[in-house]
Amino acid sequence: MSLDKKQKSSIFKISSKYIVSILAAYLVLCGVLYFLMGSRLHTRASKGNLNFANGIIYGAEIRDEHSVEQKFVSKIDRITDYSVTFGTYGRKNDSKIRIELYDTTTSALLHYIEVNTADIYDGVPYHISVKEPISNTFGHVLSIKITPIDATSGGSVAPLFGENSNDKIGRVYQDSQLMENYSLCYSINGIDKVWTGLHYKELVAFGAVIIILTILILCSRYQKGKKVMILDAVASLKKYKFLIKQLISRDFKTKYKRSVLGVLWSFLNPFLTMTVQYFIFSTLFKSDIPHYHIYLLIGIIVFNFFSEVCNMCMMAILGNASLITKVYIPKYIYPFTRALSSSINFLISLIPLFIMIILSGLPFSKSYLLIVFPIICLFFFSLGVGMTLCTSMVFFRDTQFLWNVLNMIWMYATPLFYPITIIPESIRFVLYLNPLYYIVTFMRTCIIDGVSPEPMMYVCCAVFSLISLAIGTFVFKKNQDKFIFNI
């Protein structure tokens, strides 16, 4: 059915109103995000960083004509620093050596430094910072050369070598002789440019176009009398606003009914859990994880919220059976209000977290404001899983028992109290399939590290949340008309 001029004019007026307000909010949000992400939007620690620090044998003492050259392929966009590890023979040396970073592909000397061996300590990497990051070396064959300047026998140092059977890493030469299966103990570090930072303006413009097209399509469908799920959901939430408030209030009060401490348990529960787990696991992981108590508390708070939302949503339909059979209310309101009441507990549980942050002396950073994003993602992800469980529970009562087992497995599969480094590389991919890993890591990066996560972390959190919500909504909507026959 084609639209006449009046209808088109009406659509244009309605859509223009929404487009202006939503686009304004969208652009402000993009500007705030650009400010809060800072340099992390544009650069990140390079994934091509190399670090070979386990020395097992001494090379020849750097003196006379003795020299060492370590070749490697650069996988770094911009090199910021490098290091070499030496042995001192347990003595205080007094001589000079030259360390060079050389590009064999272009025959260019990238950086050099003259080092007094008195400043070198046995087995400790000697770090060399580059004033201006070295660019345009990605894919080039580079080499670290170490040669004597003023070095005498018994007064110089020797490079340390470690075992290396991987030819892809590079080759080391001592006095121009190839040392098979060995590598110089060295590191090379830098930063990579982030694609999203290079194309941020284009991404913002693309998002604006998508918003405009979406609003126009939705308004057009609405004018034609077709159902628009998003608009219907918004209208229902507005229509039943009073009831939603009552359901949230009821669920929240029921949780602490006849409890002496009441709502104070939302504060105490994560704190006490953290205290117990801290004393159990701190001896195992404390040395590997800075600010372990904060690391642990963030994991506990996030997982407790996820678990509580799922448990409450699972009983949302069965727990309101008497109301459902008497009054018509859109059924998705029941799990939605359960999730909202759990959110109140979650916000209260953030209080002990920030108390611990203050007591720990962690400096406040603008990245703290970014935790709003993973919290929103966590809410929608938990709601999606909860709606799926809610639907399953109506038709299959054993869902609650199966979920208890799955929930426990999920808890141990999420790095709440252990570092991911203890998981073998061969099975670490399983961790990367866990949506809660990204949400927990996002919050820890913002709070403990005081910086924004990489842009890909935003994408992962958002994608997992939207997929979960889409699946939960689809399953719930498809089966909601059958609920009345099974409750």
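This is a predicted model: local features need pLDDT of at least 70, side-chain atom pairs count only at pLDDT 80 or more; totals for chains, interfaces and linings use all residues.
Residues are numbered from 1 along each chain as its sequence is written. Local features need pLDDT of at least 70 and side-chain atom pairs count only at pLDDT 80 or more, while totals for chains, interfaces and linings use all residues, and side-chain values use heavy atoms, without hydrogens and water.

Select Y26, L29, L33, F373 and A462, which lie nearest the centre of the largest pocket, a space lined by 30 residues; a pocket here is an open set of points on a 1 Å grid where a 1.4 Å probe fits, with protein on both sides within 12 Å along at least five of seven lines, and lining residues have an atom within 4 Å of a point. Then colour helix 14 (455-479), which gives the most to this lining, with 8 residues.

Next, select I420, Y437, T441, T445 and M457, which lie nearest the centre of the second largest pocket, where helix 13 supplies the largest share of the lining, 7 residues.

Y437 is buried at a relative accessible area of 10%, and Y438 is buried at 11% (buried means under 20%, with a 1.4 Å probe and protein chains only).

Finally, show F303, F306, F381, W403 and W410, which ring pairs link into a cluster.

Terms used:
Buried means under 20% relative accessible area, exposed over 50%, partly exposed in between (1.4 Å probe, protein chains only). Rings of Phe, Tyr and Trp (its six-membered ring) pair if their centres lie within 6.5 Å; planes under 30 degrees apart count as stacked, over 60 as edge-to-face and the rest as tilted. Helices (H or I, at least four residues) and strands (E, at least two) are DSSP runs, numbered from the N terminus.
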